[in-house]
Amino acid sequence: MNVVQYAKTDTPVNRLGFGAWQLGNTEFWGHMSVDEGVALVKTAIQRGINFFDTAPGYANGLSETILGMAIKDQREKVVINTKFGHKADGSSDFHPASIRESVLDSLSRLQTDYVDSVVMHNPGFDVLSGQTTHFQMFEQLKDEGLIRAYGVSIDSAEEMDMVLTHLQVDVIEVLFNLFFQAPAKHFKAAASQHISLVVKVPLDSGWLTGKYDEDTIFQGIRSRWDDQTLQRRGKLVRQLKHITGHDNLTPYAMAFILSHPEITAVIPGIKSVKQLDEHIRAAGTPLPDDLKQAFITLYEQELKHDPLPW
Ligand SMILES: NC(=O)c1ccc[n+]([C@@H]2O[C@H](COP(=O)([O-])OP(=O)(O)OC[C@H]3O[C@@H](n4cnc5c(N)ncnc54)[C@H](OP(=O)(O)O)[C@@H]3O)[C@@H](O)[C@H]2O)c1
């Protein structure tokens, strides 16, 4: 697998990472037991994946707990990014004075004495415009060795522009995929600041696999789309199938992201060994230039001026 350096450290990460929101997250993503989650993470590590993205709020702490159980005897093999702001009890607390306790709680669930990075979990504009003291606290935790890097998780090009203008971070986790291409215009600037870019939601929550259409009935976190949004997504998926000539869009969606050299890692949410293996099989397959251009053109014609909701 393709390996790069992570977050201004010497730590190598495979560009194909693992989104751990789904681990043990029966409420939002469908049933997954603790044992299944632990086995899935262990298999991913055996197959060469070493970058995991989690958060205290994922499955009320269970995502971190499952990761901790799986990495217990092999901590040195993995790189972990967790978050600050949304707590395991379901509440939110973005106060700078709460960072230390949040990190210590994450370390306890992860059964480790350091995390490779902590990112603020969708902070407000006051943080993104550098008006708060959060990053002084993160620096302190870095000096103490509890964390090795820090940054923000954000959703839009506007937020990315603010971060690059006002903050000095090691990591930006950003929503970017075939349907949400706006942040790409800031990738070069991020690379010039040696920031690691981690791409979340690479499959548009599953739509960019090609297996869903407007008639699909979604449960959990994906019951958020109204009829009009389902219709638009269904039409766009058909257009992508026409462009690629394939019903399975997953390899194209992933290859599009990895075709951007400024991106450090992509973290699809993975629910089974079957899904894991599909990503591993496809990783490293280059995207032909004409297809990449067709994906950009589709975005510019259909989405740039009328973005989909997340
Ligand atoms: N605010 C934040 O910081 C934030 C927000 C969102 C996500 N994230 C992070 O980003 C990660 C990825 O985002 P996401 O999970 O929301 O969306 P995603 O990666 O775009 O989609 C994940 C879903 O796609 C389906 N899938 C994945 N691989 C597949 C494969 N090979 N074949 C078929 N289906 C496949 C699975 O659902 P089904 O099988 O049920 O269809 C999976 O739950 C999360 O796990 C989390 O770590 C962070």
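This tour moves from the sheet to a helix across it, then to the ligand shell and a helix pair.

The model is predicted: local features need pLDDT of at least 70, side-chain atom pairs count only at pLDDT 80 or more, and totals for chains, interfaces and linings use all residues. Residue numbers start from 1 along each chain as its sequence is written.

**Sheet.** Select S3 to S10. These eight strands form an open, parallel sheet in the order S3-S4-S5-S6-S7-S8-S9-S10. Strands (E, at least two residues) and helices (H or I, at least four) are DSSP runs, numbered from the N terminus. Pairing takes at least two DSSP bridges between two strands. Color S3 (18–19) and S10 (263–266): these are the edge strands, each pairing on one side only.

Next, zoom to S6 (residues 117–121) and S7 (residues 150–154), parallel strands joined by four bridges. Pick His-121; its bridge partner in S7 is Ser-153.

**Helix across the sheet.** Show H10 (residues 250–258). H10 lies across S9 (196–200) and S10, at about 155° to S10. Axes are lines fitted to C-alpha atoms, for helices over the stretch in contact; angles run from 0 to 180 degrees between N-to-C directions. Contact means C-beta atoms, placed from the backbone, within 7 Å.

**Ligand.** Select the 28 residues around the ligand; Gly-19, Trp-21, Lys-200, Leu-203 and Gly-269 come nearest. Here the C-beta atom, placed from the backbone, lies within 6 Å of the molecule. H11 (residues 273–282) gives the most to this shell, with three residues.

**Helix pair.** Finish at H3 (residues 62–71) and H4 (residues 99–110), packed at about 45° with axes 7 Å apart. Glu-64, Thr-65, Leu-67 and Gly-68 of H3 meet Ser-106, Arg-109 and Leu-110 of H4.

Note on methods:
Two residues are in contact if their C-beta atoms, placed from the backbone, lie within 7 Å.
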